[in-house]
Amino acid sequence: MYKGIIEKYRDFLPVTAKTPVVTLNEGNTPLIFSEDLSEEIGLKVYLKYEGLNPTGSFKDRGMTMAISKAKEKGATTVMCASTGNTSASAAAYAAKCGLKCAVLIPDGNIALGKLSQAMIHNAKVIAIRGNFDDALNLVKAITEKYPIELVNSLNPFRIEGQKSGAFEVCDSLNDAPDFHAIPVGNAGNITAYWKGYKEYHTAGKSKTLPKMLGFQAAGSAPIVLGHAVEKPETLATAIRIGNPASWKPALAARDESSGLIDSVTDEEILSAYKRLANGGVFAEPASAAPVAGILKLKAQGYFKDFKGGRIVCTLTGHGLKDPNIAIKNVGQPVTLNPDIKDILKEVGL
Ligand code: F0G
């Protein structure tokens with residue numbers, strides 16, 4: 001039976017026989033080939049569909065590690081700041097093992113599905129009159145002073161768990177891809193994937209290393225601009241972050257891999273979001289950023305020397321996390337009387 005990423009990749013993770021493994025069987029997510037995007041880009045495009053993790057996002061990979069290590073240490077309470085997915089994941093894993101969980105979220109800027117998850121798993125949910133960066137500063141100050149485990153990606157165990165995404169990609173493709181495209185918010189995941197790719201390469205499990213392509217939302221693009229953004233904005237609320245915690249490691253991932261970090265507009269994100277859905281894959285808006293990004297790069301001729309190569313895009317969270325955005329952008333259902341003729345007419349038959 002599959003038992004989650006800690007058992008699967010134990011040799012690559014800082015756990016011992018004494019570590020109590022807290023798992024919801026995260027990881028082992030599908031790598032889906034996209035005919036549509038491959039045809040347009042001219043490379044083979046694969047989608048790493050992280051929305052199929054237990055709480056619907058990639059955060060579960062890091063959270064199984066962070067919560068297991070918190071348990072090992074004897075912690076009783078964990079805390080995080082979150083744009084939504086981290087809080088959903090922390091709440092679920094804390095509930096699984098009986099830890100207390102408190103989450104600080106930016107008031108009014110978190111998708112409904114994520115809020116419902118944190119609430120139903122009995123986390124103490126505190127909405128801060130401020131943005132994610134304000135919430136993270138508060139969580140850092142509190143966890144430095146009080147006996148509470150920080151489970152944001154500043155916690156190195158989160159990065160350790162999340163690097164398993166890169167291992168799975170290499171296991172599926174029998175090597176690393178040429179490019180790995182990924183959304184960048186607090187910049188933990190790009191850091192984690194790059195660490196994973198490097199470790200697998202060093203261990204002889206893959207022959208090559210990918211170029212890392214990170215994408216921020218244009219209204220929240222501190223790394224692209226080279227300075228913090230005081231009032232970040234984007235409809236992709238998951239990556240509405242103005243001062244990423246893992247800024248430096250993200251630059252290292254970019255530079256060591258000869259990749260890039262660029263920005264995409266909300267319009268480009270929405271267009272990629274709908275395009276993915278048209279191909280049967282429902283991912284949340286932030287997850288569409290790397291797809292928007294590779295389409296932008298293709299238009300600039302960036303991939304012209306890599307025909308036939310492979311690109312993986314991490315689709316970080318499930319589309320059901322944010323149903324309001326979906327409904328708002330495709331219109332309302334048609335309401336009809338229960339009449340077969342009317343229905344057939346509406347269907348176009
Ligand atoms: N995509 C989704 C769906 C996310 O929830 C996040 C981050 C990212 C991408 C960016 O990943 O921060 O590692 O660069 N969400 C965090 C949260 C900030 O609180 O849920 P990153």
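Helices (H or I, at least four residues) and strands (E, at least two) are DSSP runs, numbered from the N terminus. The model is a predicted one, in which local features need pLDDT of at least 70 and side-chain atom pairs count only at pLDDT 80 or more, while totals for chains, interfaces and linings use all residues. Residues are numbered from 1 along each chain as its sequence is written, and side-chain values use heavy atoms, with hydrogens and water left out.

Just after helix 5, select Asn122, which has a positive phi of about 70°.

Colour the 4 strands of the open sheet in the order 5-4-3-6; their pairing is parallel. Strand 5 (124-128) and strand 6 (149-150) are at the edges with a single partner strand each, so one side of each has no neighbour in the sheet. Two strands pair if DSSP finds at least two bridges between them. Strand 3 (residues 77-81) and strand 4 (residues 100-106) run parallel and are joined by 5 bridges. Within strand 4, look at Ala102, which stands opposite Met79.

Stay at strand 3 and select the cysteines. Cys80 is buried, at a relative accessible area of 0%. Cys313 is also buried, at 0% relative accessibility. From the sulfur of Cys313, the closest cysteine sulfur is that of Cys170, 15 Å away and too far for a bond. The structure holds 0 disulfides.

Move to strand 7 (residues 179-183), which runs parallel to strand 8 and is joined to it by 5 bridges. Ala181 has Leu213, in strand 8, as its bridge partner. Strand 8 (residues 211-217) has 6 of its 7 residues buried, so the rest of the structure largely encloses it.

Then select the ligand. Which residues come nearest to it? Of the 21 residues around the ligand, these are Ser82, Asn186, Ala187, Asn189 and Thr316; a residue counts as near if one of its heavy atoms lies within 4 Å.

- A ligand oxygen atom is 2.8 Å from an N or O atom in the Asn85 side chain.
- A ligand oxygen atom is 2.8 Å from a polar backbone atom of Thr86.
- A ligand oxygen atom is 2.8 Å from a polar backbone atom of Gly185.

The last stop is Ser246, in the loop between helix 10 (222-225) and helix 11 (247-256). Ser246 is buried, with 7% relative accessible area. Apart from neighbours within four places in sequence, its contacts (heavy atoms within 4.5 Å) are Asn186, Ala187, Gly188 and Thr191.

Key:
Disulfide = S-S within 2.5 Å. Buried < 20%, exposed > 50% of the residue type's maximum accessible area, 1.4 Å probe, protein only. Polar contact = N/O pair within 3.5 Å; in protein donor to acceptor, adjacent residues only side chain to side chain.
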